[in-house]
Amino acid sequence: VASDVVHDKAVIISTGDELMTGQLQDSNARWLSERLVELGILTVEHIAVGDDSTDLFEAIHRAARRAPLVVMSGGLGPTDGDLTREELCRATGDTLVLDPGLRAELEARFAKRGRALTARQERQAYRPSKATALPNELGTAPGLAARLGVDSPWKWSQVFCLPGPPSELRPMFEREVVPRLSPPPGRVVLTRLLHVIGLAEADCVDRLGELTRRDRTPLVGITASGGILTIRIRYEGGGAGGDSAGEDARHKALRRVDETERTIRGILGDHVLPTDAQGRSGVECLSASILADLGERSRTLAVVESCTGGMLGEMITAIPGSSAAFRGGYITYSNDLKVNLGVDAGAIARLGAVSPEVASQMALRGLERSGAHFCLALTGIAGPDGGTAAKPVGTVHIGLASREIGAGASAAGARHFVFSGDREDVRRRACVSAMAMLHFALRGCPAGEPRLLWEAPS
Ligand code: ATP
Ligand code: MG
């Protein structure tokens, strides 16, 4: 789509009854807004509508009057609730035609799975005659691109319709939409996220000092979630100038963001996680970081989980390539299984399963059984029941055993945490704290240092 219109503003339309009934969170609008702003395009409105012809038709018109760029998600599939194709057609005053190319692709896709194309599935091969179909490599419903004439200074708006599933929408946006956009030349918005562990938000702000001033460029903002802080570095600049100015502006923005990142890393040191790939969550960065640290040292890890029931193993194995450093683990939820692993039954009877001694033993036995170099073990009370005055809900002991402490002998220590929040919060925070313990140990911090969030005074 050759474009003489500058896409300075956008409206996002999310569709689906599930959004209206609260069954589905609109993550597409969030993701699209974020990507658009990175491209220098400001989203001025989010519209969400159910699967209703009139609502869709009106939403498309409203959006086109508001902005020269409209991005829609959902409603392209084969069900009766999928009305985007029809309403885009009606809004642009076009007619639906069967696209032979699309039909052939659909047929081939179904044939590969040994199935014939039904009339219902064939609906997805229809498109408004003047619209362009956008290939969908990961699903069956193709996207659509069309122009809609509007009574506005920009005369017509560019409308992109993308499939609802995020795994299809995101690659289609990158491959098919981005090359068709004309963001305002020279306008650059650059965002970089850094994840920080082992620091409270207020401590982090104190250490960063002047960097967090609201009038600084790039802007530095901090948010906290589940024991991990996220620092957002955001550069916004330009807006005028020719094409060459665009390249210069981008370089300048990149340099400024790099400088700010270096300064922050200088101040916070090992508290800042490496960011090999943007777009990863804090937990993913933490897992990836310990796996990379282990890999570099040719070391392996095992886990023994009680109150987290496998959640730590899940977080670690969510990272591709984790098998290089992660050996696996044991879910010893009951006392029996803890004893089975080799934990001393007497210690459990005397001190309780939720105790530093049992956490240390779990880590040590896991280390021996698995043959790994490091073993993390968690035992605690996730709640909502089971707390006592001495061991309130949220109490978790985390053991770390290692073959490297001392002269080749294995040793273990446990740290005591009292996490706040509900069952899910306690479990997630426990896993994050366990990984944080290993992170700092791998970076040569003395045992027990630095003190972590929610760690009980010893
Ligand atoms: P399909 O061919 O899968 O039916 P579609 O384009 O018709 O795709 P919808 O039927 O509207 O899309 O939604 C399909 C699924 O995509 C939803 O059940 C939901 O899981 C996901 N989805 C849809 N819209 C959103 C959204 N705004 N945010 C996050 N996920 C969404
Ligand atoms: Mg659908």
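Which of the 16 residues around ligand 1 come nearest? They are Asp26, Gly75, Gly77, Asp82 and Gly164. A residue counts as near if one of its heavy atoms lies within 4 Å of the molecule. The model is predicted: local features need pLDDT of at least 70, side-chain atom pairs count only at pLDDT 80 or more, and totals for chains, interfaces and linings use all residues. Residues are numbered from 1 along each chain as its sequence is written, chains are lettered from A and ligands numbered from 1 in the order in which they are written, and side-chain values use heavy atoms, with hydrogens and water left out.

The shell around ligand 1 holds five nonpolar, eight polar and three charged residues. Here Ala, Val, Leu, Ile, Met, Phe, Trp, Tyr, Cys and Pro count as nonpolar, Asp, Glu, Lys and Arg as charged, and the others, Gly among them, as polar. Ligand 1 takes up the second largest pocket. A pocket is an open set of points on a 1 Å grid over the protein atoms alone, where a 1.4 Å probe fits, with protein on both sides within 12 Å along at least five of seven lines. A molecule sits in a pocket if more than half of its atoms lie within 2 Å of its grid points.

An oxygen of ligand 1 lies 2.8 Å from a polar backbone atom of Gly77. For a polar backbone atom of Leu76, the distance to a ligand 1 oxygen is 3.1 Å. The side chain of Glu18 places an N or O atom 3.2 Å from an oxygen of ligand 1. The protein covers 78% of the 610 Å² of accessible area that ligand 1 has on its own (Shrake-Rupley method, 1.4 Å probe).

The magnesium ion (ligand 2) is coordinated by Asp82 (OD) and Asp82 (OD), at 2.5 to 2.6 Å. Donors are N, O and S atoms within 2.8 Å of the metal (3.2 Å for Na, K and Ca); water is not among the atoms, so sites may look incomplete. Asp82 belongs to the loop between strand E3 (69-73) and helix H4 (84-91). Helices (H or I, at least four residues) and strands (E, at least two) are DSSP runs, numbered from the N terminus.

The Thr217 to Pro218 peptide bond is cis, with omega near -15°.

Note on methods
Polar contact = N/O pair within 3.5 Å; in protein donor to acceptor, adjacent residues only side chain to side chain. 1 Å grid on protein atoms, 1.4 Å probe; cavity = no way out; pocket = protein on both sides within 12 Å on 5 of 7 lines; lining within 4 Å.
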